[in-house]
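Keep the sequence beside you as you read.

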Amino acid sequence: MEKNVKRRNTQQRKVILEILRSTDIHPTADWIYEKARQVIPNISLGTVYRNLKILKDEGLILELNDGKQSRFDGRVDQHFHFKCLSCNSIYDIDNRKIVNIEHNDLRKEGYQVQSFDVVFSGICPKCNGNQN
Ligand SMILES: [Zn+2]
Ligand SMILES: [Zn+2]
């Protein structure tokens with residue numbers, strides 16, 4: 001019995017992780033829940049939340065707080081985010097120049113940086129194009 005429960009939990013977590021890794025839209029827990037239900041019809045939203053927390057604690061996913069709700073990211077390598085104030089999309093930004101500037105300046109001041117988050121916000125190219 002114990003073993004079956006454990007196996008089921010592992011399976012659920014695997015499905016949730018795969019869903020997150022298959023998208024770059026930085027979805028909400030509700031979005032993940034809808035997708036997970038297509039694979040595991042009897043999964044509950046509470047289970048999705050619990051597994052997201054475990055995955056986050058294990059360092060396998062990121063939780064991004066956009067001020068209103070949590071969004072999740074299956075990408076955990078160093079990257080940054082651009083949040084569009086018009087359509088609410090979150091984009092991945094891969095410009096590494098930012099890292100070097102921050103780290104070198106702070107190191108000179110005696111800080112040992114282990115990680116940091118950068119979130120840009122504004123209007124994304126898609127919305128910008130729509131306005132023209
Ligand atoms: Zn936009
Ligand atoms: Zn991301």
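His81 has Val119 in S5 as its bridge partner. Strand S3 (residues 80-84) and S5 pair in the parallel sense, over four bridges. Strands here are DSSP runs (E, at least two residues), as helices are (H or I, at least four), numbered from the N terminus. Two strands pair if DSSP finds at least two bridges between them.

The model is predicted: local features need pLDDT of at least 70, side-chain atom pairs count only at pLDDT 80 or more, and totals for chains, interfaces and linings use all residues. Residues are numbered from 1 along each chain as its sequence is written, while chains are lettered from A and ligands numbered from 1 in the order in which they are written.

Now step back to the sheet. It is open, has three strands in the order S4-S3-S5, and its pairing is mixed. Strand S4 (90-93) and strand S5 (119-122) are the edge strands, each pairing on one side only. Neighbouring strands of this sheet are turned by 25° against each other on average, direction ignored.

Turn to the helices. The axes of helix H2 (residues 29-39) and helix H3 (residues 45-57) cross at roughly 115° and come within 9 Å. Axes are lines fitted to C-alpha atoms, for helices over the stretch in contact, and angles run from 0 to 180 degrees between N-to-C directions. H2 and H3 are therefore roughly perpendicular to each other (65 to 115 degrees).

Which residues of H2 and H3 meet? Ala29, Ile32, Tyr33 and Ala36 in H2 meet Leu45, Val48, Tyr49 and Leu52 in H3 (contact: C-beta atoms, placed from the backbone, within 7 Å).

Note on methods: Parallel < 35°, antiparallel > 145°, perpendicular 65-115°, else oblique. Contact = placed C-beta atoms within 7 Å.
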